[in-house]
Amino acid sequence: MKSTASAANLTEMLQLVLGEPIQPDDIDDSICFLTAIVLLMIGTIHVDGEVEEEEKQHFYTVLRQFFPKERFGELTQKIVRGISANKLFRQATAFQLCTDSFSTPERLLLMSFGYQISTSDGSMHVKEQQYLQKIGQLLKLETRYLNILERGFSGLPIDDRTSLQEVRNWLDPVRFQTFDTVFVEAASFMEEHLPNIEIDIEIEIEAIKASINKLKSRDEISSIVTTSDASLVAFQHQRHQLVQLNQQLADMMAGLHERALLPKQLLDEATDFVERLQSSTFRVAVIGEFSKGKSTLLNALLGQDIQPVSMRPCSSTISILRYGETSRLICCYTDGTEAEISLDEYVAKSTIPKEETEASHVGNYLVQTLLNNPIDRLIYESPELEFCKNGIEIVDSPGLNEHPNRTAVTQAILEETDAVIVLLSAMQLLTESERELVQEIAPKVIAGHGEQTVSGLFAVVNFVDCLDEDEPEAFDDLKSRTENFFLGGDTPFVPDRDRLHYISAKQALKAKKAKVTNAYLSDFNQFIRSLEQFLTRDRGSLQFAAALETTDRFLNVVSAILTHHLEQEVRGQQEQDQERQHAIDLMGNASGRALKAREEAGELVSELDEKLIESFNQWWEERLFPELQTKRRKWSCEKSSVFDRDQVVAYASRQFECDFTDALQGWLKSEAVPNIIAPALNGIEQIINHHITALQSELKTLDQGFYSSTFDWTLNDLKFTSVDGEEGNLMGGLSGVALAAAAIALPGILLPLIIGSLVGGFGLGTLMGLKDSLFDSVFGKCCDVLGESCQKIYDGLLDEIIKCAKNQLDEFDTSIEKVLGVGHMQLEQLQIKATASDQERAQSQQFTNEQLQKLNTMRQEMAAIAR
């Protein structure tokens with residue numbers, strides 16, 4: 001619905017409405033349609049001068065229903081305020097700018113909102129009615145379409161079934177599939193408020209079907225052509241071909257609906273169209289006043305005495321004559337019942353009794369009889385009705401000047417009538433009541449399709465044989481008066497002289513029965529040819545064009561649905577293949593995460609080693625030995641340095657070890673653990689957690705679409721640990737492990753070395769010296785040994801720290817392997833499922849392509865039929 005109006009004018013108006021700058025590229029379908037709806041609904045509410053609260057509530061209810069707040073809330077408020085503040089609903093140009101390039105379906109959908117709100121308070125004000133009619137004219141919509149919307153939303157009966165069906169077709173939600181869902185939902189809602197078309201004349205359908213079954217080949221057709229024009233026969237054959245094509249299309253659509261590829265609504269529409277096309281026939285009504293020779297004219301058309309002829313009023317009810325496989329007479333009553341009757345009963349029921357005719361001269365007895373007549377219509381079917389053989393029905397009306405409810409009878413006759421023959425008398429031409437009758441029915445027998453319209457009115461002057469042969473000017477005067485009335489003025493009742501005929505039905509019937517030819521029969525046959533040419537060339541071509549357009553629309557819609565389905569299948573195949581490859585890639589990525597985590601952890605351990613050795617060396621060189629010397633001064637032992645020397649040496653060695661362990665613990669607690677070791681191990685923990693989180697996120701992407709029922713990833717076994725020992729700490733406490741490692745390292749290194757050195761290194765003089773001297777000797781030896789063991793002590797400490805990190809990484813490896821094991825099993829299931837899905841999709845694609853090929857064949861057949 002891109003506007004073809006001046007972009008500058010439309011942009012300027014919308015800027016005024018929205019109260020903010022807007023670019024032409026920002027103007028889309030929804031803005032134009034929403035603005036037009038608000039313009040129309042506010043205009044409808046205000047036009048009668050009274051804004052009912054119920055109308056206001058309904059207005060906002062409609063906006064919320066079709067333009068939800070989450071999508072259009074702020075925009076809707078701005079449009080309502082802007083239109084109300086600037087009174088734009090009073091400006092025709094505002095409607096034109098918004099609706100300049102709206103199609104007929106879009107304009108009808110727009111008008112539906114106006115008619116809906118106009119009846120929201122239970123009735124439509126006359127000013128609202130006039131306002132909506134003016135807007136409809138501005139939108140160049142046919143008046144009959146507006147009447148359908150008005151009566152449909154007002155809950156009034158709709159007699160114009162053709163226009164009703166056209167409006168329903170225009171509002172078909174399928175037409176709006178390419179637009180925003182707003183339009184589809186609105187069209188569905190509006191279409192539901194219009195009554196459905198029901199075909200209730202089953203007898204007509206069966207008769208037409210029986211007639212069509214006879215037309216199986218052109219050889220048979222040529223044998224059927226007798227008095228009828230061959231073009232009528234050919235037209236019926238052409239329509240029969242179109243019926244078969246649409247039945248084939250409807251069968252395809254039924255199969256697509258069973259596969260859930262086609263909505264039920266579209267299938268119902270196609271089925272209904274086939275039924276209407278099958279039962280389609282040309283209906284010709286004969287209307288005239290009593291004593292104009294209607295029954296004789298019908299008998300002349302049919303070539304036999306079918307209708308009763310009398311000097312008293314006949315045809316007390318509507319009679320329908322049509323072709324049938326067998327002869328039968330059907331009486332249809334006003335209560336809906338039917339019954340077959342005999343020919344004598346038919347004559348009696350279609351003729352006003354003589355006694356009632358006489359009673360009409362004295363009172364109102366005849367009028368009451370006609371008003372209380374229980375018969376709705378009479379139907380006569382026969383294989384002998386040659387004129388009706390090729391899809392023509394003849395409707396015989398009562399003598400309208402005798403009928404008390406002429407308007408109702410005329411309306412019933414004109415329902416779905418293709419041609420109307422107004423029968424006049426040469427002896428009393430164009431009485432005042434006949435002129436009124438023509439003026440009343442002429443506008444109702446205008447048929448149209450697209451831009452084409454055609455009048456189905458024929459004027460036939462009967463009894464020309466009664467004109468005085470001695471006064472030839474009488475016939476010229478008759479023709480002149482007839483032509484002036486029907487062809488004169490600005491709006492002629494008929495398009496040309498070919499619709500005006502001058503006959504003698506009585507003489508034509510005599511000639512037919514006698515199988516002779518005369519001037520009267522020639523004039524009558526010319527009238528028949530003119531009627532048949534109109535039915536095929538004019539009325540038939542419009543009907544056929546409309547049927548072809550509907551068929552083409554069904555072909556296009558079904559083709560679009562199948563093409564879209566095929567695209568979805570291909571897209572689904574591509575997405576499935578991509579997801580399958582994605583799953584395989586994730587498995588490979590998961591298996592590499594353990595290695596990646598170790599690489600990243602190794603970098604942190606290397607950094608830890610650099611920082612730790614620097615801190616350790618600084619502590620060792622600057623603070624350790626002064627601290628040990630301070631602790632040495634506090635050594636004390638009760639044993640004799642002379643007699644218990646070995647025990648004193650052992651005590652001093654153990655004390656040195658304790659002092660060193662305390663010093664090491666102090667350094668670990670105050671510097672190494674908080675500043676170096678804990679941050680490094682926390683970093684390793686974060687690396688592991690990062691990979692766990694990333695893996696969980698990646699695997700969850702498989703819990704959608706095609707694989708949602710295949711993959712069930714559970715990563716609960718991946719434990720999140722921390723250096724403070726919470727949530728199942730793998731280290732058992734960082735500082736405790738590190739200190740224990742350092743303490744365990746000394747007994748295995750220091751004590752044997754110290755004792756061995758003492759035994760071989762202390763002289764007698766020294767042994768006889770003071771205890772402090774012995775302590776100093778032991779302390780010195782221990783310091784020497786400690787210095788030599790520095791690297792081993794540091795390596796043991798680093799090994800314990802690395803062991804903590806390795807425990808975390810090992811557990812991470814175990815969890816990854818578990819995930820991979822589950823994943824590979826599920827990938828195998830996936831492959832099985834994907835293979836089955838591939839086969840189903842391939843079959844579906846093959847089916848869809850076959851249907852598209854059939855549609856192409858149907859389209860070629862339709863083109864051949866149209867030629």
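In this predicted model, helix α15 (residues 294-302) and helix α23 (residues 519-632) bring their axes within 11 Å of each other, crossing at roughly 80 degrees. The two helices are therefore roughly perpendicular, since angles of 65 to 115 degrees count that way. On the α15 side, the touching residues are Leu297, Ala300 and Leu301, and on the α23 side they are Phe524, Phe527 and Ile528. Sorted by type, the residues of this contact come out as six nonpolar, with no polar and no charged ones.

Next comes the sheet. Nine strands make up an open sheet with mixed pairing, and reading across it gives the order β4-β3-β5-β2-β6-β1-β7-β10-β11. At the edges sit β4 (338-341) and β11 (500-502), each of which pairs on one side only. On average, and ignoring direction, neighbouring strands here are turned by 20 degrees against each other.

Helix α20, for its part, lies across β1, β7 and β10 and runs at about 170 degrees to β7.

Turning to the loops, two residues deserve a look for their backbone angles. Leucine 430 is found in the loop that leads from β7 (419-425) to α20 (432-441). Its phi is near 50 degrees, a positive value in a residue other than glycine. With a relative accessibility of 6%, leucine 430 counts as buried, because the cut-off for that class is under 20%. Lysine 87 belongs to another stretch, the loop between α4 (69-86) and α5 (92-99). Here phi is near 55 degrees, again positive and again in a residue that is not glycine. Lysine 87 has 40% relative accessibility and so counts as partly exposed, whereas leucine 430 is buried.

Terms used. Residues are numbered from 1 along each chain as its sequence is written. This is a predicted model: local features need pLDDT of at least 70, side-chain atom pairs count only at pLDDT 80 or more; totals for chains, interfaces and linings use all residues. Side-chain values use heavy atoms; hydrogens and water are left out. Axes are lines fitted to C-alpha atoms, for helices over the stretch in contact, and angles run from 0 to 180 degrees between N-to-C directions. Helices (H or I, at least four residues) and strands (E, at least two) are DSSP runs, numbered from the N terminus. Angles under 35 degrees count as roughly parallel, over 145 as roughly antiparallel, 65 to 115 as roughly perpendicular and the rest as oblique. Contact means heavy atoms within 4.5 Å. Ala, Val, Leu, Ile, Met, Phe, Trp, Tyr, Cys and Pro count as nonpolar, Asp, Glu, Lys and Arg as charged, and the others, Gly among them, as polar. Buried means under 20% relative accessible area, exposed over 50%, partly exposed in between (1.4 Å probe, protein chains only). Two strands pair if DSSP finds at least two bridges between them.
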